[in-house]
Amino acid sequence: MAQFSLSPPSFPTSPLPLRRRILFAPPPRTAASSATDAVSTSTSSSASNYAPKVIVTRERGKNSKLIAALAKHEINCLELPLIEHTQGPDLDRLPSVLGDNAFDWVVITSPEAGSVFLEAWRASGMPHVKIGVVGTGTASIFEESLQSSNRSLDIAFVPSRATGKVLATELPKIGNKCTVLYPASAKASNEIEDGLSKRGFEVTRMNTYTTVPVQHVDHMVLKLAFDAPVLTVASPSAIRAWKNLLSDLEWNNSVACIGETTAAMARSLGFTNVFYPTQPGLEGWVESILEALGSYDELR
């Protein structure tokens, strides 16, 4: 089993103070107008009547919580998935690695990494594992399993700030030889491994999933997305996919990122109107979206 070094991200919990609350009319059709419903703009009458203010870009079916939270502020959303997750090269080995080895820590740095890990953990017979998560959004993936796991899952660490660097700096070290399993995206940086290895951790990284841009984007939906005031993104891969879709098109609207790591990628790609919560989580993300909408409203 290959040994690597790692350094995961972190997520605080309390929401940001709301600097500016903006109510938009007309309201969305209903809170139940799901992401799939919102995106079916081939019947463009609803799209023209309710031009979307916010574009949500996670995979279809993973945007409902954000859409519902924004609906409470009467903000109409459009779903435009930018990336999709596919199996990574190490996924098939993960159950046996979990079953055959005892790690001091398992480090999980995204909801997708958490979901993939849980499937492998169940397949391996649900051994006891102590988990460090990057933040509360990632921790929420484990809520249901925690209730039925007979304490086999122990969410034991969340860093003070939701970045890989802070997680790698703050993860408690157990004894002289502390082992870490890091199931991650194949596209994740080496920040976590490098940070932990410098502190003397033995890190096993497994690339259990990866992300690819969606293969087809409806042109009508894309045009609506270009015109919307705010684009939301939940990963560096998503903002890279958006940049590729823009090509040479000039686009200066706002990007509301789920956290600092994604915001840093957005800025590195040349986006200037970038918003993100200093204390991540759904509430903080919503506050950043409201702030981005306020900034757009002021510019107009």
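In this predicted model, the largest nonpolar core holds 26 residues, of which Leu-80, Ile-239, Trp-242, Trp-251 and Phe-271 touch the most other members. A nonpolar core is a set of buried Ala, Val, Leu, Ile, Met, Phe, Trp, Tyr and Cys residues joined through side-chain atoms within 4.5 Å. Buried means under 20% relative accessible area, exposed means over 50%, and partly exposed lies in between (1.4 Å probe, protein chains only). Two or more residues come to this core from each of α10 (219–227), β9 (230–233), α11 (236–246), β10 (254–257) and α12 (260–268). Helices (H or I, at least four residues) and strands (E, at least two) are DSSP runs, numbered from the N terminus. Residues are numbered from 1 along each chain as its sequence is written. Local features need pLDDT of at least 70 and side-chain atom pairs count only at pLDDT 80 or more, while totals for chains, interfaces and linings use all residues; side-chain values use heavy atoms, without hydrogens and water.

Ile-239 has several contacts (heavy atoms within 4.5 Å). Beyond its neighbours within four places in sequence, Ile-239 meets Leu-231, Val-233, Val-255, Thr-262, Met-265, Ala-266, Leu-269 and Phe-271. Another core lies apart from the largest one.

Ala-234 sits in the loop between β9 and α11. Ala-234 is partly exposed, with a relative accessible area of 23%. With neighbours within four places in sequence left aside, Ala-234 contacts Arg-58, Ile-258, Thr-262 and Trp-285. Ala-234 and Ala-263 are 29 residues apart in sequence, yet their C-alpha atoms are 9.3 Å apart in space.

Six strands form an open sheet with mixed pairing, in the order β3-β8-β7-β4-β5-β6. Two strands pair if DSSP finds at least two bridges between them. The edge strands, β3 (83–87) and β6 (153–157), each pair on one side only. Strands β4 (residues 105–108) and β7 (residues 178–185) run parallel and are joined by two bridges. Trp-105 has Val-180 in β7 as its bridge partner.

Helix α9 (residues 191–198) has the buried residues Ile-192, Glu-193 and Leu-196. They lie on the same side of α9, because they cover an arc of only 95 degrees around the axis. The arc is that of the directions from the helix axis to the C-beta atoms. The cover over these buried residues includes α8 (164–170), β7 and β8 (201–213). Just after α9, Gly-200 takes a positive phi of about 95 degrees.
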